[in-house]
Structures are given as structure tokens and as C-alpha cells.
Amino acid sequence: MKRTVHYIITGCIAALTLVGCGNAPSLQSYFVDHQESASFISQDIPISMLNIDTSEFTEDQKEAYNSVSRLNFLGYKSDSTNVDAYTSEVNKVKAILSNEKYLDLIEFSDRGNRIVMKYIGDDDEADEVVIFGSSKEYGFGIARVLGNDMNPQKMVTLAGLMQGADIDEEQVKSVMNFFK
């Protein structure tokens with residue numbers, strides 16, 4: 001009887017260990033696996049490096065901006081010679097982002113370019129915000145926005161401001177040149 005109980009307990013512990021170690025790919029592992037690949041470009045950008053003028057931001061916008069500590073960027077360049085590889089990589093990223101832990105913020109398309117913004121967290125606080133943009137003509141990029149006490153709705157507002165911001169191109173020149 002003692003031996004049977006021991007086997008049952010050992011079996012339960014082993015089962016819990018195997019279930020807890022899921023094999024599902026994560027965005028973090030995707031970044032790590034592809035950051036050294038010649039087809040990809042990877043940048044880790046502290047938000048302070050962008051030199052964005054916040055003087056005309058509202059308090060909510062400043063709070064959102066100050067909650068961000070850094071951006072991790074991974075880009076893949078597409079051209080006529082790697083259409084199948086591009087499609088395969090986009091499908092891998094879409095599969096990762098289809099995980100239920102990624103909650104939807106915004107999704108839109110414009111002239112064949114698609115932008116998806118998701119987050120991990122709850123309605124009040126995001127642990128991570130992910131922006132995925134793809135274009136068959138240029139490739140795709142994934143930005144992981146990392147910080148503390150990020151509010152998902154304020155991040156949407158901040159993303160809109162970043163589109164019109166006068167960002168010093170020298171600081172992101174290597175990323176821009178990669179897609180040319």
C-alpha cells in the first residue's frame with residue numbers, strides 16, 4: 001500500500017511538471033531564436049534614446065510615455081526571392097500572437113500593410129505591449145514594448161502620438177536602412 005501511494009504521488013508530480021512546461025512557442029523565444037539570423041534585424045532601444053519632445057503631452061500621455069522603459073524590435077525583410085519564407089515567418093508570429101494571453105488592442109490594414117497591437121495583462125495594467133506590422137513589399141516588424149504600470153488604453157494613445165512624433169532618424173537609422 002505504501003509503495004502504491006508513493007507511485008501515485010510520484011506520477012502526479014511528474015504529470016504536473018510536464019503540463020507546466022508547455023512547448024508552445026513564445027514571442028520571447030522567437031526573438032531569441034531569430035535575433036542572430038541574417039534575414040532579421042534586432043534592436044533593443046531604451047525609450048530615452050528616442051528623444052521625443054513630451055512638452056505638449058497631456059498628463060495621461062506623459063504617464064504612458066514614462067511607464068515605458070524599452071522597446072525590443074525584430075524585423076524581417078521581404079523581397080521577391082523569399083516570399084515563401086516571409087509567409088512562413090508571418091504565420092509563426094501570428095500563431096504566437098493568437099495565444100489567448102495576448103489581448104487585442106487595435107488591428108487595422110492600410111494599402112496592404114497590416115498593424116496589430118496586443119498586450120499581456122489586464123484592463124488596468126499591461127505587462128507587455130506588442131505591435132506587429134507586416135507588408136508583403138517590405139517585410140514585417142515586431143516591437144515589444146516593456147515597462148512598468150503600462151495602461152493599455154493609454155498605450156493606444158501613445159502609439160498614435162508616436163506616429164506623428166519627430167523622432168531623430170539617426171537613432172533608428174539601422175532599422176530603416178534594413179527595410180530599404
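Me: To start with, where is Asp-149 found?

Reply: Asp-149 is found in strand β6, where strands (E, at least two residues) and helices (H or I, at least four residues) are DSSP runs numbered from the N terminus. Before going on, note that this is a predicted model, in which local features need pLDDT of at least 70 and side-chain atom pairs count only at pLDDT 80 or more, while totals for chains, interfaces and linings use all residues. Residues are numbered from 1 along each chain as its sequence is written, and side-chain values use heavy atoms, with hydrogens and water left out.

Me: Is Asp-149 buried or exposed?

Reply: Asp-149 counts as exposed because its relative accessibility is 55%; the cut-offs on relative accessible area are under 20% for buried and over 50% for exposed, with partly exposed in between (1.4 Å probe, protein chains only).

Me: And what is its phi?

Reply: The phi of Asp-149 is positive, about 55°, although this residue is not a glycine. Most residues other than glycine have a negative phi.

Me: Changing topic, how many helices and strands does the protein have?

Reply: There are six helices and six strands, and from the N terminus on the order of elements is α-α-β-α-β-α-β-β-β-β-α-α. Of the 180 residues in the protein, 36% are buried. Among contacts (heavy atoms within 4.5 Å) with a separation of 6 or more, 64% are between residues 24 or more positions apart.

Me: Which residues of α4 are buried?

Reply: In α4 the buried residues are Tyr-86, Glu-89, Val-90, Val-93, Ile-96 and Leu-97. Seen down the axis of α4, they fall within an arc of 120°, so they line one face of the helix; the arc is that of the directions from the helix axis to the C-beta atoms. The elements they pack against are α2 (27-34), β1 (40-46), β2 (68-77), β4 (113-121), β5 (126-135) and β6 (139-150).

Me: At what angle do α2 and α4 pack?

Reply: The angle is about 155°, and the axes of α2 and α4 are 10 Å apart, with axes being lines fitted to C-alpha atoms, for helices over the stretch in contact, and angles running from 0 to 180 degrees between N-to-C directions. The two helices are therefore roughly antiparallel to each other, since angles over 145 degrees count as roughly antiparallel, under 35 as roughly parallel, 65 to 115 as roughly perpendicular and the rest as oblique.

Me: Which residues of α2 and α4 meet there?

Reply: Leu-27, Tyr-30 and His-34 from α2 meet Glu-89, Lys-92, Val-93, Ile-96 and Leu-97 from α4. Leu-27 is buried, since its relative accessibility is 1%. Between the C-alpha atoms of Leu-27 and Val-93 the distance is 7.6 Å, although they lie 66 residues apart in sequence. Leaving aside residues up to four places away in sequence, Leu-27 also touches several others, including Tyr-102, Glu-128 and Arg-144.

Me: What about α3, which of its residues are buried?

Reply: In helix α3 (residues 59-67) they are Gln-61, Ala-64, Tyr-65 and Ser-67. These cover an arc of only 165° around the axis, which puts them on the same side of α3, whereas the face turned away from that buried side carries the exposed residues Glu-59 and Asn-66.
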